[in-house]
Every structure is written in structure tokens, then in C-alpha cells.
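Hi there,

Here's the structure I promised you. Have a look at it first, then read on for what turned up.

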Amino acid sequence: MIVIIIAMMDNKKIEKISKALSDVSRIAILQQFKKKHDGVYCAEFNDMLDLTQPSVSHHLKQLVDADLLIPEKEGRNLKYSLNQKVLDEYIASLNNLKV
């Protein structure tokens, strides 16, 4: 039997992630990671979403600031990957609110 222990987040962290997820564009960005597990380049988001480049950059920054995305610089490009650990902790913390 394998037991996985997930640390609970503090309330401030839960609030920050919840605010980051309170926008449909940011949720759409996160949904792209179901299709591309190896990461997504910034330019790809511009093609996937009907948003201007500054809007995409703003949404990506919000998700990075909430620790939901991990940016990696590859040459002149930025590649983003989903921070699965933080997302799992967030979901576990929300599940912990159930009665």
C-alpha cells in the first residue's frame, strides 16, 4: 500500500491561487496542460487563445505568481509547465474544507 502525504496550504496561499483561478482565460490556459504535458511555449498560448499578447502575458504572470506555473527560459523563449505539486496541495486543501 502506498500512502501519499500532501501538505496543507495556509489560507493566504489558498486565497492567492483562488484569485488566480477566478478568470476564465487563466482556467483556459491551465486546461492546455492536459493536452501538452511537456510544457507550453508563451507564443503557443497566443495562438490557442483569442487574446492579445499583453493579455496572455498578464494571465501567465498571475499564474506564475500563484505558483501554478513554472517558467523556464529556453534561449529567447519562455516555456511553462504546470506545477502539479502546488495544484495537488490546493485541491487537497479545498477537499479538507468538506464536512
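Which residues does Ile-29 touch, leaving out residues up to four places away in sequence? The list is Phe-45, Leu-49, His-59, Leu-60, Leu-63 and Leu-69. Before you go further, keep in mind that this is a predicted model.

Ile-29 also shows up in the largest nonpolar core, which has 22 residues. Together with Phe-45, Leu-60, Leu-68 and Leu-69, Ile-29 touches the most other members. Five helices, H1 (11-20), H2 (24-35), H3 (42-48), H4 (53-65) and H5 (84-95), each give two or more residues to this core. The biggest contributor is H2, with four residues. As background, nonpolar side chains in soluble globular proteins tend to be buried together.

In one, Phe-33 and Phe-45 are tilted, with 6.0 Å centre to centre and 55 degrees between the planes. Phe-33 sits in helix H2 and Phe-45 in helix H3, twelve residues apart. In the other, the planes of Phe-45 and Tyr-80 are at 65 degrees with ring centres 6.3 Å apart, so that pair is edge-to-face. Tyr-80 belongs to strand E3 (residues 77-82), 35 residues from Phe-45. Phe-33 and Phe-45 are both buried, and Tyr-80 is buried too. The three rings make one aromatic cluster.

Last stop: H1 and H5. Their axes come within 11 Å and cross at roughly 110 degrees, so these helices are roughly perpendicular to each other. Lys-13, Ile-14, Ile-17 and Ser-18 of H1 meet Val-86, Tyr-90, Ser-93 and Leu-94 of H5. That contact has five nonpolar residues, two polar and one charged.

Cheers

Methods:
Residues numbered from 1 in each chain as written. Predicted model: local features only at pLDDT ≥ 70, side-chain atom pairs only at ≥ 80, totals over all residues. Heavy atoms only, no water. Core = buried A, V, L, I, M, F, W, Y, C linked by side-chain atoms within 4.5 Å. Buried < 20%, exposed > 50% of the residue type's maximum accessible area, 1.4 Å probe, protein only. Contact = heavy atoms within 4.5 Å. Axes fitted to C-alpha atoms, helices over the stretch in contact; angles between N-to-C directions. Parallel < 35°, antiparallel > 145°, perpendicular 65-115°, else oblique. Nonpolar A, V, L, I, M, F, W, Y, C, P; charged D, E, K, R; others polar. Phe/Tyr/Trp six-rings, centres within 6.5 Å; stacked < 30°, edge-to-face > 60°.
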